[in-house]
Amino acid sequence: MVELRHSSSLGNRATSSPMKRDEDSSPLVPDRQSEDHDDRDRHSIRDRPYSRLSFQSFCPYFGDDSRVSPYNSKISFFFVFLVLAAGLIAVFSIVRRLNSPYLCEKEGITLHCPPVKERPSLWENPYSATTSWKPCAELRDSEISELPPENETNGYIFIHAEGGLNQQRIAICNAVAVAKILNATLVLPVLKQDQIWKDQTKFEDIFDVDHFINYLKNDVRVVRDIPDWFTDKSELFTSIRRTVKNIPKYAPAQFYIDNVLPRIKEKKIMALKPFVDRLGYDNVPSEINRLRCRVNYHALKFLPDIEHMADALASRMRSRTNSSNPYMALHLRFEKGMVGLSFCDFVGTREEKVKMAEYRKKEWPRRYKNGSHLWQLALQKRKEGRCPLEPGEVAVILRAMGYPKETQIYVASGQVYGGQNRMAPLRNMFPNLVTKEELATKEELDSFRKHVTSLAALDFLVCLKSDVFVMTHGGNFAKLIIGARRYLGHRLKSIKPDKGLMSKSFGDPYMGWAPFVEDVVVTHQTRTGLPEETFPNYDLWENPLTPCMCRA
């Protein structure tokens with residue numbers, strides 16, 4: 001339906017316009033000269049058929065007959081005047097529409113978009129659509145039974161949780177689930193130092209260990225460290241005799257029973273490596289998935305210091321005006337690494353594009369090759385909605401949704417590629433835009449700077465507590481936030497932009513503001529974190545509807 005609107009809003013619109021996005025062209029501003037030329041062509045073609053009609057056939061009151069009365073002449077003149085006036089108005093409106101500003105006018109680094117009426121449902125999902133489901137991950141299929149003593153389980157499993165904070169969180173949830181499948185004791189996971197994050201945070205530096213162990217005492221036995229009887233701890237993860245390395249991605253529960261359990265029974269302690277996404281979703285028992293939700297939403301609690309600082313930041317966001325105000329949290333994925341890894345093309349100077357090409361060639365030489373195929377690849381990815389949204393594009397989408405200039409926005413982001421110039425269109429359109437560094441004092445954040453993951457945890461909680469959360473690209477952070485807000489009852493609005501449709505609109509040189517607003521509003525009515533039925537291979541972390549939620 002949306003694509004039909006795109007093709008029929010204004011004649012035969014171009015549905016895809018692969019304009020080169022450099023300093024001379026922007027997805028937000030069209031080429032005026034080419035529009036005027038097209039406009040003249042349209043009118044010349046449109047006028048040709050009517051030249052064959054005789055004046056008498058068009059207006060029978062005028063002819064060679066001299067017997068026409070003065071009364072009829074007045075009527076004829078009046079009729080012609082109305083026709084000419086209507087024609088001039090029609091031509092004027094068409095010319096004005098064809099030459100109207102393309103979505104938003106760009107003045108330097110500032111975008112000017114037409115006003116949009118603020119809608120009543122900007123800050124929460126409709127109540128009637130959010131009352132049919134309730135959280136039920138804490139329910140268990142059977143009566144709680146006493147777990148076997150530590151020395152009576154099948155053995156110990158040990159994992160390194162790799163990546164950033166949110167990838168580590170998923171790995172911890174999966175580790176508890178695998179321990180349950182194998183009836184094994186779980187050694188408290190180690191948060192492995194990552195090459196990108198370069199962080200040496202321990203589990204106890206971020207999460208409440210006592211709560212984690214006590215909450216899971218009826219599900220899985222968890223110990224803080226490797227048992228004393230195992231003396232050669234360095235052997236784990238280095239010796240092939242103590243490491244299981246052949247676990248496929250999204251492995252079913254049966255794989256662990258057939259391939260991992262025998263080795264655990266034999267060796268008594270085994271490390272699982274690698275462990276990123278090594279447990280499936282629809283190929284494990286529903287109780288195992290429910291256990292993963294119990295870990296994610298109930299067992300994993302941040303340390304009290306992190307929780308209190310996040311509460312303070314959220315409170316400051318809601319009291320930035322004279323009265324209590326709602327706030328939006330924006331997860332902006334436009335760091336240099338994300339831009340490079342996406343292999344998408346973005347607005348920028350030629351010098352920036354050359355530097356980005358060199359960066360990609362250095363970091364991802366196999367994907368870069370000789371670079372000749374990258375332009376077509378970039379176009380294809382943008383059409384499929386696989387490119388991060390630029391700050392300027394985010395600003396236009398939010399304005400089209402109806403969010404006013406006064407909207408309070410908390411930005412969770414790394415260092416934005418392009419710096420302040422790249423952020424300027426967003427910041428100018430929404431000046432009440434802040435980060436945690438602007439909300440808190442340097443002294444308040446100093447205690448959290450020792451660990452990168454502590455700062456990431458603050459962003460996570462402030463986004464989780466927001467009235468509206470907006471993601472701009474995929475990733476574990478965004479899907480965990482959206483999943484948690486759904487689990488809390490679907491009332492909290494979580495906007496997931498349709499980047500494929502937006503790329504078509506931004507690439508359409510004849511897309512006017514009114515049809516663009518209509519497309520944005522209609523398309524995103526169902527992309528706000530409302531209940532969605534699950535499907536095969538669905539992502540449990542973004543949509544915990546079943547089996548972690550039950551009918552109310």
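Me: What do the buried residues of α8 pack against?

Reply: They pack against β4 (156–161), α5 (165–182), β8 (243–244) and β9 (269–272). Contact here means heavy atoms within 4.5 Å. Helices (H or I, at least four residues) and strands (E, at least two) are DSSP runs, numbered from the N terminus. Keep in mind that this is a predicted model: local features need pLDDT of at least 70, side-chain atom pairs count only at pLDDT 80 or more, and totals for chains, interfaces and linings use all residues. Residues are numbered from 1 along each chain as its sequence is written, and side-chain values use heavy atoms, with hydrogens and water left out.

Me: Which residues of α8 are buried?

Reply: A253, F255, Y256, V260, L261 and I264. Buried means under 20% relative accessible area, exposed over 50%, partly exposed in between (1.4 Å probe, protein chains only).

Me: Where's the kink in α8?

Reply: At V260, shortly before the proline P262, and the kink is about 40 degrees. The bend at a residue is the angle between axes fitted to the seven residues ending there and the seven starting there.

Me: What follows α8?

Reply: K268, which has a positive phi, near 75 degrees.

Me: Switching to K436. Buried or exposed?

Reply: K436 counts as buried, because its relative accessibility is 6%. K436 lies in helix α17 (residues 436–439).

Me: What does K436 touch?

Reply: Leaving out residues up to four places away in sequence, K436 touches L313, Y410, L445, L455, L458 and D459. K436 and L458 are 22 residues apart in sequence, with 8.3 Å from C-alpha to C-alpha.

Me: Last one: at what angle do α21 and α22 pack?

Reply: About 180 degrees, with the axes of α21 (residues 499–506) and α22 (residues 513–523) 11 Å apart. That makes α21 roughly antiparallel to α22; angles under 35 degrees count as roughly parallel, over 145 as roughly antiparallel, 65 to 115 as roughly perpendicular and the rest as oblique. Axes are lines fitted to C-alpha atoms, for helices over the stretch in contact, and angles run from 0 to 180 degrees between N-to-C directions.

Me: Which residues make that contact?

Reply: L501, M502, S505 and F506 from α21, with F516, D519, V520 and T523 from α22.
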